[in-house]
Amino acid sequence: VSSTAFAANSIPLLPPPNVQASSFLLIDADTNKVLAEHNARERSAPASLTKIMTGYVVEEEIRRGRLGVGERVQISVNAWRTGGSKMFIREGTKVSVRDLLRGVIVQSGNDASIALAEHVAGGEAEFAYMMNEKARRLDLRNTNFENATGLPNDNHYSTANDLARLTTELIKNHPNQYEIYAERSFEYGGINQTNRNKLLWRDLSVDGVKTGYTKKAGYCLVASAKRDGMRLVSVVLGTSSDQDRMKQSQKLLSFGFRNYDTQLLYGANSEITRLEVFYGKSDNVAIVAPTDVYVTAPRGDLESAITELSVPKYLEAPIKKSEVIGTLAVMVAGEDEIIYETEVLTADEISEANLFGKVSDFFYLFYSELFGK
């Protein structure tokens, strides 16, 4: 049975800070709550932010067992000659997937990106198709990739909203790769290059993500930071300089951490309550949420948060495991608005009791309802 978490956007939002960027977005990574935005669904050239998806697709191939991190990749003339930022790999040599990923993520190497694209898909156009298929599955509705690097192309675009969604999926689904984004430098072939994300030095709570620049895109940065269990993701597109993209990102992250809280109310599949079961081999069943129940609200509001469980008074066997039987809503005391809602499920399968058990439960229910017990 399918289940759904509804991350309601009804929390009262504070006025966003004055961010100098053509578009920007700040979200909580666990709840996907938008905390600040401007033109977040406006299509823009993503420049090297593209490489977040390049790395994501490569990691998916590794996860599926179709690619090994120690596998050696033959470097083509095409990859070697690519302009822009480089890892400085040499044509005709073989480089491990592990090193090429660091060349993409830490050094923002266009040459490394193309080398991986050619190795995984046979060519960059074919790899771009894989990128777009992944974008479709992640519901990135305003994104299209024409290459693995982010080099200028009129039909190569994304949005602050889509890039934030992609980043949260990366953090959630591929934490081992995400750790590479925090590395401050990488040396290959005797050339040491530092990570272009200067926030890694300025704010120790920042552990990613990626910079980008072309003349069309301006200076861009996707950043993520975690403080006291709360993770935020910020995206700024079209700023005026390297220094400015760092400054605007820091402004957004500071605004979010200062003004909002996120709390885990229930873990995925942890018991919320138990319901009586009649006509079954067990007389009760645990009710659980299908995913972690994280809630984001203005700082201080969660201290008065209340939960409302809408489920039947009792259940009748047979019951399937993971059967949707109601909803869990979270509200701030004194407010009518629901700030989070999710379906709740049965934790176990309960089969029918024997005839004696059914008859016993039938008379119990009959007299309970007759006498209002």
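## A loop residue with positive phi

Asn-32 sits in the loop between strand S2 (23-28) and S3. Its phi is near 60°, which is a positive value in a residue other than glycine. Asn-32 has a relative accessible area of 44%, so it is classed as partly exposed. This model is predicted, and the values given here are computed from it.

A second residue of this kind is Asn-269, with phi near 65°, again positive in a residue other than glycine. Asn-269 belongs to the loop between strand S11 (260-266) and strand S12 (271-278). Is Asn-269 buried or exposed? Its relative accessibility is 55%, so Asn-269 counts as exposed, the cut-off for that class being over 50%.

## Two cis peptide bonds

Most residues other than glycine have a negative phi, and most peptide bonds are trans. Against that background, two peptide bonds can be noted here. The bond from Gly-208 to Val-209 is cis, and its omega is near 25°. Val-209 is part of strand S8, which covers residues 206-214.

The bond from Ala-317 to Pro-318 is also cis, with omega near 5°. Where does Pro-318 lie? Pro-318 is in the loop between strand S16 (314-316) and strand S17 (324-332).

## Two serines in one loop

Ser-44 is located in the loop that runs between strand S3 (34-38) and helix H1 (50-63). Ser-48 is likewise in the loop between S3 and H1. Ser-44 has a relative accessible area of 15% and is therefore buried. Ser-48 is at 10% relative accessibility, so it too counts as buried. Both values fall in the buried class because that class takes in residues under 20%.

Which residues does Ser-44 touch, not counting those up to four places away in sequence? They are Ser-23, His-156, Tyr-157, Ser-158 and Leu-237. With neighbours within four places in sequence left aside, Ser-48 is in contact with Ser-108, Asn-110, Thr-149, Lys-210, Thr-211, Gly-212 and Tyr-213. Ser-48 and Arg-64 are 16 residues apart in sequence, and their C-alpha atoms are 25 Å apart in space.

## The nonpolar core

The largest nonpolar core has 57 residues. Within this core, Met-53 and Leu-100 touch the most other members. Apart from neighbours within four places in sequence, the contacts of Met-53 are Met-131, Lys-134, Ala-135, Leu-138, Leu-140, Phe-145 and Leu-166.

## The chain as a whole

The protein chain has 373 residues, of which 51% are buried. Its secondary structure consists of 10 helices and 18 strands. The C-alpha trace spans about 85 × 45 × 35 Å along its principal axes. Of the contacts between residues at least 6 apart in sequence, 65% join residues at least 24 apart.

The accessible surface of the chain is about 17,400 Å², and carbon and sulfur atoms account for 47% of that area. There are 42 positive and 48 negative side chains, and the centres of these two sets are 8 Å apart.

## Confidence in the model

The mean pLDDT of the protein chain is 91, and 91% of its residues reach 70 or more. Over residues 1-9, however, the pLDDT is below 50. How many contacts does this stretch have in the model, beyond near neighbours in sequence? The stretch has 27 such contacts.

Key. Residues numbered from 1 in each chain as written. Predicted model: local features only at pLDDT ≥ 70, side-chain atom pairs only at ≥ 80, totals over all residues. Heavy atoms only, no water. Core = buried A, V, L, I, M, F, W, Y, C linked by side-chain atoms within 4.5 Å. Buried < 20%, exposed > 50% of the residue type's maximum accessible area, 1.4 Å probe, protein only. Contact = heavy atoms within 4.5 Å. Helix = DSSP H or I, 4+ residues; strand = E, 2+ residues; numbered from the N terminus. Areas by Shrake-Rupley, 256 points an atom, 1.4 Å probe, with all protein chains shown as cover. Lys, Arg positive; Asp, Glu negative; His and termini not counted. Charge placed at Lys NZ, Arg CZ, Asp CG, Glu CD. pLDDT = per-residue confidence, 0-100.
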